[in-house]
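Hi,

Here is the structure I promised to pass on. Have a look at it first, and my notes follow below.

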Amino acid sequence: MATLRFLGACGTVTGSKFLLEAGSRRVLFECGIFQGSRELKEKNWAAPPFDPASLDAVVLTHAHIDHTGYVPRIAKSGFGGPVYVTPPTGGLLDYLWPDAAHLHEEDATYANRKGYSRHRPALPFFDADDARRALRLLRPVPFHERVELSGNLAFTFHRVGHILGAAFITVEADGKRIVFSGDVGQRDVPILKEPEPPGAADYLVLESTYGDRLHSGESPREELGRAVAETAGRRGVVLIPAFAVGRAQDVLYHLRTLQRESRLAEDLPIYLDSPMAVSAAELYCRSLSEHDLEMTELTDRGLCPIDGPSVHFVRDGRESKALNDRTGPMVVISASGMLSGGRILHHLKRRLPDPQTTLLFVGFQSAGTLGRRILEGAREVVIHGQQVQVEAEVRELPALSAHADQRGLLQWAGGLPAPPRATYLVHGEPAARESLAGELRSQSGWNLVLPEEGESVELK
Ligand code: ZN
């Protein structure tokens with residue numbers, strides 16, 4: 001009999017970690033860090049809730065750090081087994097882990113200089129060596145190829161349309177089928193192939209990020225076009241905080257399409273201001289096997305749909321700072337998506353006090369982040385220890401999110417031929433989780449469980 005332990009993303013959207021024990025095997029599905037409030041981030045520093053050396057393997061659904069950022073940490077403390085990913089996820093992690101290591105090292109240096117850490121000296125959460133060690137463990141496996149971990153344990157990746165390389169995982173353990181949804185993407189988003197249906201499952205571990213929300217029925221491209229045109233009309237700057245992998249490339253694709261169709265001025269400058277997002281954009285363009293029809297057709301005609309004369313890729317930090325001297329109209333897409341760090345912060349300091357600016361949120365803002373505070377109407381915020389007035393227009397475009405809304409989640413789960421024996425809702429804040437549970441319970445045959453962190457269940 002297999003046992004599943006929920007070690008993160010229970011009542012929150014980060015820190016995904018699910019430990020499956022079947023026979024003598026221990027496999028960790030997802031290995032993410034907690035993000036958001038200080039309290040959540042503190043949890044990353046606690047001793048791992050399992051012995052890393054005792055794990056046989058780690059399997060990851062997609063590259064986002066809240067699903068992968070804990071791997072270098074356990075690689076540092078004794079884990080040396082294989083880490084299974086899809087090939088595009090491996091390609092993204094080649095950039096993401098070293099980039100994260102660099103940020104952790106900078107944080108530690110800063111903490112030591114300012115002396116605010118409880119640890120003396122403050123050490124990085126993981127460093128470049130740990131990232132390299134973790135990268136050596138990666139075992140890329142194509143979608144739909146079954147991997148046998150032992151006689152009674154196997155898994156397969158399937159496309160889930162969330163970001164490049166994102167998968168849901170079907171696991172066969174002791175004769176039972178368990179599906180880990182990972183993050184479920186929306187249908188009809190640009191660039192990537194559509195999410196595949198989940199197939200049969202005895203047990204389903206389902207995300208619930210937008211479990212209580214419905215994205216607007218309007219085309220996200222139209223809404224984006226309107227927000228940008230209005231801001232450009234008053235010669236303002238549109239600031240778009242975006243996860244460097246996923247949203248940034250989609251937004252760019254939509255903006256370029258609007259320009260090609262002459263619905264936005266062809267010469268409106270668009271800056272992609274994040275080295276990580278630039279590298280990911282290049283990988284998106286090269287990953288031909290993952291492209292949807294429209295992207296394939298454009299690529300075949302020799303058009304790179306996320307590049308063009310008005311698009312400027314900004315890698316250099318000085319070039320990024322120099323954008324502060326420019327006046328609008330222009331669009332700046334920069335990370336981090338929840339305003340928890342990165343170059344977006346210096347843009348905010350410069351642009352938030354300016355009523356001509358539009359701050360346009362296109363992704364989920366989790367509780368405790370600066371993004372959430374501004375979205376909820378804060379008129380003054382503190383950035384790098386400095387008070388900053390919020391005079392900019394603040395808009396939200398959740399329809400551009402990489403996550404399916406409640407309808408999308410129900411539709412995807414509805415692809416199961418029959419309700420599973422149990423469905424475990426994870427990766428959602430309490431209201432979202434409750435709401436999705438309510439909707440599923442109202443359909444006959446669904447048995448919903450909202451696991452607490454640390455809880456263990458037997459998959460009989
Ligand atoms: Zn994700």
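A cavity here is a set of points on a 1 Å grid over the protein atoms alone where a 1.4 Å probe fits but cannot get out. Points are joined across faces, edges and corners, and a volume is the space filled by probe spheres set on them. The model is predicted, so to speak with care: local features need pLDDT of at least 70, side-chain atom pairs count only at pLDDT 80 or more, and totals for chains, interfaces and linings use all residues. Residues are numbered from 1 along each chain as its sequence is written, and side-chain values use heavy atoms, with hydrogens and water left out.

Searching the whole structure turns up three cavities of 30 Å³ or more. The largest cavity holds about 230 Å³ of space. It is lined by 22 residues (an atom within 4 Å of a point), and Phe243, Met338, Gly363, Phe364 and His403 are the closest to its centre. Domain 1 (2-213 + 402-459) and domain 2 (220-400) each give at least three residues to that lining; the bounds come from an automatic or database domain assignment.

The second largest cavity has about 80 Å³ of space. Of its 13 lining residues, Phe18, Glu30, Ser181, Gly182 and Val426 sit closest to the centre.

On to the helices (DSSP runs of H or I, at least four residues, numbered from the N terminus). Helix 4 (residues 87-114) packs against helix 5 (residues 128-136) at an angle of about 160°, with the axes 8 Å apart. Helix 4 and helix 5 are therefore roughly antiparallel (over 145 degrees).

Cheers

Technical notes:
1 Å grid on protein atoms, 1.4 Å probe; cavity = no way out; pocket = protein on both sides within 12 Å on 5 of 7 lines; lining within 4 Å. Axes fitted to C-alpha atoms, helices over the stretch in contact; angles between N-to-C directions. Helix = DSSP H or I, 4+ residues; strand = E, 2+ residues; numbered from the N terminus. Parallel < 35°, antiparallel > 145°, perpendicular 65-115°, else oblique.
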